[in-house]
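Let us walk through this protein one region at a time. Keep the 3D view open as you read.

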Amino acid sequence: MGRGKGSLIAAAALAGVVSFNSGALAQTPTAPTENAAPTSDNAVMLTIFLKHDQSRPLSELNAQLEKQGYYKAFPPAGIEVVSWYVMMGIGQVVTLRFPASRLREVNRILENTAWGSYRTEFYPTYDYKAIGVAAHDKAQ
């Protein structure tokens, strides 16, 4: 019976350690690294539609973007530009890759410098090319 009592004490001690550790982790989250390089476990891709105001001439839109500091601020240093296209009749479509901790920074830059010339839409994105090509090749 002494052995059973020892097992109960050990189990209670283990439960206490587990609950103490989980509570401690919940109280002290790891601070995000603002300038971390994008890696497979922290990177996000974001596609941004910059829909231009078609009621105004391009020269006027570009002047407003310049005045608001858009060309100087976007994209922020250290953010990878995966693609940047003009979509006729829409505006620009930009895909970025960056650490998730920098999402707010990217959003705020666009809010402060692009709005007025562009309406923005944001889409979480992932690279599907290899999967799509492989599926096509397999079907042949």
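Start with Glu-121, which is partly exposed, with a relative accessible area of 24%. Bear in mind that this is a predicted model. Glu-121 forms a salt bridge with Lys-51. Their closest N and O atoms are 2.7 Å apart. This pair links distant parts of the chain. Glu-121 belongs to strand S4 (residues 118-125), while Lys-51 belongs to strand S1 (residues 43-52). The two residues are 70 residues apart. Side chains of opposite charge can pair when their charged atoms come close.

How many salt bridges are there? The count comes to six. Two others involve Arg-56. Look for Asp-53, whose side chain meets that of Arg-56 in a salt bridge at 3.8 Å, N to O. That distance qualifies because the cut-off is 4 Å. Then find Glu-60, which also forms a salt bridge with Arg-56. Here the closest N and O atoms are 2.7 Å apart. Asp-53 is partly exposed, at 25% relative accessible area. Glu-60 is partly exposed too, at 39%.

Now turn to the largest nonpolar core, which has 15 residues. Which of them touch the most other members? They are Ile-48, Leu-50, Tyr-70, Phe-74, Leu-96, Val-106 and Leu-110. Strand S1, strand S3 (91-99) and helix H4 (103-113) each supply at least two residues of this core. Take Leu-110 as an example. Leaving aside its neighbours within four places in sequence, Leu-110 is in contact with Ile-48, Leu-50, Tyr-70, Phe-74, Trp-115 and Phe-122.

Next, find Gln-92 in strand S3. Is Gln-92 buried or exposed? Gln-92 counts as buried because its relative accessibility is 18%, and buried means under 20%. Its side chain has a polar partner: a contact of 2.9 Å joins Gln-92 to the side chain of Tyr-118. Beyond its neighbours within four places in sequence, Gln-92 also has contacts that include Ile-48, Leu-50 and Tyr-70. Trp-84, Tyr-85 and Val-86 are among its contacts as well.

Finish on the surface. Tyr-126, Tyr-128 and Ile-131 make a nonpolar patch of about 390 Å². Tyr-126 is found in the loop between S4 and helix H5 (129-139). With a relative accessible area of 64%, Tyr-126 is exposed.

Definitions and conventions. Residues are numbered from 1 along each chain as its sequence is written. This is a predicted model: local features need pLDDT of at least 70, side-chain atom pairs count only at pLDDT 80 or more; totals for chains, interfaces and linings use all residues. Side-chain values use heavy atoms; hydrogens and water are left out. Helices (H or I, at least four residues) and strands (E, at least two) are DSSP runs, numbered from the N terminus. Buried means under 20% relative accessible area, exposed over 50%, partly exposed in between (1.4 Å probe, protein chains only). A nonpolar core is a set of buried Ala, Val, Leu, Ile, Met, Phe, Trp, Tyr and Cys residues joined through side-chain atoms within 4.5 Å. Contact means heavy atoms within 4.5 Å. Patches are made of residues with over 30% relative accessible area and no salt bridge: like charges are joined within 9 Å, nonpolar side chains (Val, Leu, Ile, Met, Phe, Trp, Tyr) within 5 Å. Accessible areas come from the Shrake-Rupley method with a 1.4 Å probe; for residues, only the protein chains shown count as cover. A polar contact is a pair of N or O atoms within 3.5 Å; within protein, one must be able to donate a hydrogen and the other to accept it, and residues adjacent in sequence count only if both atoms are side-chain atoms.
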